Amino acid sequence: MSTSDKDTVQDEASRSDQEASSSTAHLENNEAESIDNKEDEMKRAAAKKLIERYFYQLTDGCGNSNCNNVYCASSKTFLFKVKNLSPNEAAAQAIQLFSQDARLCERHPNKMPRTQNQLVLPTSNSEQQQSESDKSKTPSSESPLTPSNDVKLSLCTESSSKNTKDGKANVAVPYLTEERLYEIIDSCEEKQCYSPLIRMLGEVYSDMTSLSRSFLQNDLNSPIDAILDKTGGDLTRLKKEDVRSLEGEKDKDEDSCLSSPGCNSRQRKLPVDLSSVRRAYNALFKVKSSVFESALVNALVTLAGYLQVELQRKHDTYTTDDLVNILLIVFEIPALGSGEFLETALPALCRATTYLPTEVQAQLALAWSSPGRKSMRSILENLQQLITLRVILSNIPNIDIQDDNVITSATKLMKVVYYANILAGVMESPELREDYSMDDSYNGLKLSRTPLPPDPLATLLGINVLDCRKPYLPFSEFYNEPLSDVVEMDRDFANFKSDMGKFSFMNYSFILTPPTKTLGLYFDNRIRMYSERRISLIQSVAGQPSNPYLRLKVRRDHIIDDALVELEMIAMENPIDLKKQLVVEFENEQGIDEGGVSKEFFQLVVEEIFNPDYAMFTYQEDSQTVWFNPTSFENEAQFTLIGIVLGLAIYNNIILAVNFPMVLYRKLMGKRGSFEDLAEWNPTLYNSLKQILEYNEPDIEDVFMQTFRVSYQDVFGTVINHDLKENGDQINVTQENKSEFVDIYADFLLNKSVDKQFRAFYKGFKMVTDESPLELLFRPEEVELLICGSKNFDFYELEDATEYDGGYTPETPIIKQFWEIAHAFTTEEKRKLLQFTTGSDRVPLGGFSKLKLVIAKNGPDSDRLPTAHTCFNVLLLPEYSSKEKLKDRLVKAINYYQGFGML
């Protein structure tokens with residue numbers, strides 16, 4: 001090859017690398033480094049084979065009864081005879097023996113090395129006869145009775161008794177291995193003819209049987225691959241500490257599995273060798289993509305067609321493992337999210353996966369959540385790119401995005417990735433879930449509740465999003481903003497309520513941003529309100545008039561007494577009225593409630609409820625949050641009414657200035673508080689208990705002097721003692737029971753001590769939201785945003801989103817002066833300005849970009865103060881003559897804003 005030809009090949013390879021994925025993005029454009037990388041991979045593969053020999057020597061021995069190798073299980077002097085090595089310990093020891101170049105026994109004839117390339121594959125009768133004939137001609141020195149670890153590249157076809165796409169049986173089925181692919185690439189590069197590579201990719205990737213038998217594990221019981229995946233660099237330089245660390249990490253993974261749902265399935269070794277697949281793709285995509293891309297794309301489209309037909313007809317031709325192997329291999333392709341792969345192959349594959357049985361989806365989720373989960377982010381990114389591309393291309397009027405089968409199928413597949421992401425994260429015990437079941441009544445009046453149907457995949461996996469303390473990837477990476485911006489939630493909600501099985505994104509809420517999900521909740525609430533109005537109208541026609549609204553008339557100076565008394569009467573007489581649209585009237589004030597009066601009502605109620613004088617809640621200085629007072633004198637009905645207020649705020653789409661810790665929202669969704677929840681509720685206590693857990697010295701009793709008796713104070717400062725166990729003051733916290741102490745202490749603080757108060761609060765909350773799809777759409781973190789609003793207080797974002805009326809424009813001098821003043825305000829002054837103009841000092845869910853503030857001209861220069869229509873977020877601003885006068889009038893207005901009147 002000439003120098004110019006080499007440069008051309010390198011340039012084309014570089015361009016193809018950019019189209020591929022992050023796995024090839026950092027490759028240098030020079031041939032020498034490519035050769036070095038390939039040599040490193042081959043060396044690592046050879047090292048792996050030696051490590052396997054050490055592994056089998058430690059676990060099975062060499063088979064020689066007279067062996068004297070202390071590192072061989074067949075030896076009488078075997079070093080680990082007393083300690084039975086687990087597979088993980090044996091794998092770690094094998095790596096250490098390899099690094100030390102320890103003695104390796106000669107392989108005894110009755111101990112066959114177990115590698116994929118030497119698996120005895122099923123053969124037809126004719127092939128078996130031919131094989132026996134070939135064996136008879138084999139020289140004795142190469143007799144199969146003498147095992148060898150040498151790779152046999154010729155064994156890359158096997159006979160299949162399954163019907164193929166041509167309807168033929170007993171035909172040779174090609175399949176790929178890492179070594180075979182290396183050999184083909186080397187041969188093609190040497191001859192500068194890539195026809196064998198193209199033919200092999202076309203044959204294997206277009207046939208389900210071939211692909212399902214490719215890249216199989218060397219040994220389904222060997223943990224070597226999983227441990228080797230965690231190593232990097234030169235294996236010969238590993239120290240004992242490194243080996244112990246690797247073994248410990250592996251054990252940690254297993255411990256996590258044992259405490260997780262679906263553990264038995266997760267421990268099962270995958271038939272496909274994902275590490276081998278990734279190395280093979282790394283080598284393949286060093287070849288210029290123009291050589292094989294079209295052939296591979298066409299093969300994948302053909303494969304997707306056969307897969308779809310197979311799944312639709314529900315044949316039993318392929319096992320669950322076969323289907324999982326095919327999908328794992330295909331979705332590891334690094335270029336799947338770019339070029340022709342993204343436009344042609346990936347949509348076809350997603351459409352085919354729509355018909356996957358729930359059992360296959362579950363196995364796929366478990367496979368993607370396994371310790372070799374490196375590709376989860378790239379799979380998610382590929383699906384997100386596909387959906388975004390289709391959203392842009394499918395932005396056609398009068399066509400529902402829910403009818404685009406590529407978008408819907410990719411979303412369904414993303415749900416599998418979503419559950420895999422949960423399984424791969426930090427999981428808590430399902431035993432912490434609790435249905436805070438009440439008698440579904442309030443003083444004998446029954447409430448209507450229609451439980452949402454469970455998700456079959458989540459049920460099969462035995463998981464719930466509430467069990468996930470920390471996902472492997474942040475949940476926010478599953479949001480698709482372009483999709484969320486264009487989806488029409490009114491139509492989607494109609495699909496959700498339809499009995500015709502139409503697709504609804506509300507059933508796949510992980511892909512929607514919180515502001516879009518809020519629209520789904522809004523439509524659900526509004527439909528219920530309109531339904532109550534229709535019922536009231538029918539009752540009026542029948543001679544039984546009723547109020548179509550939930551009307552509250554309160555005195556500003558007695559807002560708590562008036563509001564809670566009226567709500568208690570409604571809850572006792574007819575709790576269904578709580579689902580009517582709220583209309584608030586302040587006594588002796590002329591304001592008409594179009595939303596703004598309700599906002600101020602909730603603001604004032606919240607300020608009074610958390611007033612220390614009521615002693616219903618305690619304030620945590622460290623976290624600046626409030627929590628139920630376990631020694632409160634208020635009866636349970638008062639907490640029920642506060643729960644009603646919180647539910648009404650959600651039901652009427654109003655943001656509240658409450659500062660509950662995250663554990664409250666987790667409890668509202670059905671999850672008990674645990675030790676990790678203390679980190680946000682009481683950081684000082686959490687760190688103290690963590691010190692106990694991390695202290696491993698034998699003198700723990702003398703150092704901490706802690707028993708199972710704890711103390712806390714009531715509202716008067718009186719110290720109250722509580723025994724976490726019977727005779728707790730006589731039980732010291734030791735190394736053996738410290739975890740138990742921490743768990744039951746956290747359970748006491750977050751659950752048992754406030755059980756009556758929380759259950760009453762929960763009852764009131766559910767009286768309003770019991771039929772709402774709140775739990776379907778929102779996670780606890782999103783419920784907090786829904787109630788409290790966003791924490792991103794960015795006035796520049798508000799400026800960009802503001803509209804103008806009455807002759808004002810962004811370039812009007814007084815508007816420029818207004819924003820200069822607003823940006824110079826302190827945070828407290830900004831909140832007052834927001835309260836004055838919108839009726840709430842909280843940032844709406846989604847940020848200020850979701851708040852449509854309007855600044856309208858209110859006449860020429862005058863001494864009048866600015867005014868606002870809080871119901872419509874309109875600020876009426878006279879055109880003051882100077883910036884100083886504008887600031888003076890604006891500051892006075894925002895500091896003396898309470899009260900409503902008619903302009």
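Here is a quick look at the aromatic rings in this structure and how they pair up.

First, some ground rules: this is a predicted model, with residues numbered from 1 along each chain as its sequence is written. Local features need pLDDT of at least 70 and side-chain atom pairs need 80 or more, while totals for chains, interfaces and linings use all residues, and side-chain values use heavy atoms, with hydrogens and water left out.

Rings of Phe, Tyr and Trp (its six-membered ring) pair if their centres lie within 6.5 Å; planes under 30 degrees apart are stacked, over 60 edge-to-face, and the rest tilted. By this rule, there are 34 aromatic pairs.

Take Phe478 and Phe510: their planes sit at 85° with centres 6.3 Å apart, so they are edge-to-face. They are 32 residues apart, with Phe478 in the loop between strand S6 and helix H19, and Phe510 in the loop between helix H20 and helix H21. Helices (H or I, at least four residues) and strands (E, at least two) are DSSP runs, numbered from the N terminus. Both Phe478 and Phe510 are buried, meaning under 20% relative accessible area with a 1.4 Å probe, protein chains only (exposed is over 50%, partly exposed in between).

Phe617 and Phe639 are edge-to-face too, because their planes are at 70° and their centres 6.0 Å apart. Both are buried, and they also belong to a ring-pair cluster including Trp627, Trp681 and Tyr762.

Charges can sit over rings as well (NZ of Lys or CZ of Arg within 6 Å of the ring centre and within 35 degrees of the ring normal):

| Charged residue | Ring | Distance from ring centre |
|---|---|---|
| Arg556 | Phe586 | 4.4 Å |
| Lys725 | Phe708 | 5.3 Å |
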